[in-house]
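Here is a friendly walk through one predicted protein model, written for someone who likes to know the cut-offs behind each term. Have a look at the sequence and the coordinates before reading on.

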Amino acid sequence: MNRNRSITNPFTFVIATMFALVAGAASADVSTSTVALQGYDVVSYFEGDGVPVKGSGRQVAYHEGEVYLFSSRGNRRAFEANPEQYLPAYGGFCAFGVTGGNKLVGDPLAYRVVDDTLYLNVNEQIQERWARNIPRNIERADERWPEIKDIHPADL
């Protein structure tokens with residue numbers, strides 16, 4: 001009888017290895033992470049025609065408590081090299097909502113890239129209102145964001 005406690009079952013070994021790799025690779029507590037941008041590849045907003053595409057579970061990066069999915073290894077690597085270049089303004093909350101001191105979940109399909117910054121809005125109708133005066137709305141949101149950044153949306 002083998003009393004050696006080493007892992008001899010190949011399936012158990014693979015599972016144990018996967019857990020070890022995930023635990024070592026993730027610097028954040030992924031048990032409380034959420035999927036950013038509803039799974040859209042944040043780098044895709046800045047490429048080619050700028051049409052966002054869905055990422056997959058094969059290319060994943062963790063950043064500040066969020067899980068980012070990517071459509072390619074190249075996009076994941078670009079994000080990991082410089083996340084700040086791709087992150088949406090105001091933590092992905094609605095840019096127009098922030099002007100009024102609110103944190104509303106941004107729709108990843110109601111977006112605009114302005115001066116290499118991704119801005120989301122709660123829906124296309126609000127985006128149309130926001131787009132009527134983009135420079136002023138960005139200025140107002142930039143002024144308000146530091147005040148509300150660390151406040152839970154329910155407390156606003």
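## Cores and packing

The largest nonpolar core has 16 residues, and those with the most contacts inside it are Y90, V98, V114, Y119, W130, I138 and W145. A nonpolar core here is a set of buried Ala, Val, Leu, Ile, Met, Phe, Trp, Tyr and Cys residues joined through side-chain atoms within 4.5 Å. Buried stands for under 20% relative accessible area, exposed for over 50%, and partly exposed for anything in between (1.4 Å probe, protein chains only). Helices α3 (95-99), α4 (124-131) and α5 each supply at least two residues of this core. The largest share, five residues, comes from α5. Helices (H or I, at least four residues) and strands (E, at least two) are DSSP runs, numbered from the N terminus.

Leaving aside neighbours within four places in sequence, W130 is in contact with A95, F96, R112, V114, Y119, N121, N137 and I138, where contact means heavy atoms within 4.5 Å.

A note on the ground rules: the model is predicted, so local features need pLDDT of at least 70 and side-chain atom pairs count only at pLDDT 80 or more, while totals for chains, interfaces and linings use all residues. Residues are numbered from 1 along each chain as its sequence is written, and side-chain values use heavy atoms, with hydrogens and water left out.

## The chain as a whole

The protein chain has five helices and five strands, in the order α-β-β-β-α-α-β-β-α-α along the sequence. Of its 156 residues, 37% count as buried. Among the contacts with a separation of 6 or more, 52% are between residues 24 or more positions apart.

## Charged pairs

How many salt bridges does the structure hold? There are three, a salt bridge being a side-chain nitrogen of Lys or Arg within 4 Å of a carboxyl oxygen of Asp or Glu. Side chains of opposite charge can pair when their charged atoms come close.

| Salt bridge | Closest N to O distance |
|---|---|
| R136 and E139 | 3.1 Å |
| R144 and E147 | 3.2 Å |

R76 and E80 both sit in helix α2 (residues 73-81), four residues apart, which is about one turn of the helix. R76 counts as buried at 18% relative accessibility, whereas E80 is partly exposed at 42%.

Helix α5 (residues 134-148) carries E139 and R136, and these two are separated by about one helical turn because they are three residues apart in that helix. E139 is partly exposed, with 43% relative accessibility, and R136 is partly exposed as well, with 36%. R144 and E147 also lie in α5, three residues apart, about one turn of the helix. For R144 the relative accessible area is 29%, so this residue counts as partly exposed.

A polar contact of 2.7 Å joins the side chains of R76 and Q59. The term covers a pair of N or O atoms within 3.5 Å; within protein, one must be able to donate a hydrogen and the other to accept it, and residues adjacent in sequence count only if both atoms are side-chain atoms. Not counting residues up to four places away in sequence, R76 touches Q59, V60, A61 and F70.

## A buried glycine in a loop

Where is G39 placed? G39 is in the loop between β1 (34-35) and β2 (56-63). With a relative accessible area of 4%, G39 is buried. Beyond its neighbours within four places in sequence, G39 is in contact with K54, G55 and L69. The C-alpha atoms of G39 and P108 are separated by 9.0 Å, and the two residues are 69 residues apart along the chain.

## The largest pocket

The largest pocket has a volume of about 770 Å³. On a 1 Å grid over the protein atoms alone, a pocket is an open set of points where a 1.4 Å probe fits, with protein on both sides within 12 Å along at least five of seven lines, and lining residues have an atom within 4 Å of a point. Grid points are joined across faces, edges and corners, and a volume is the space filled by probe spheres set on the points. Of the 28 residues that line the largest pocket, the closest to its centre are E66, Y90, G91, G92 and F93. Strands β1, β3 (66-70) and β5 (117-121) each supply at least two residues of the lining.
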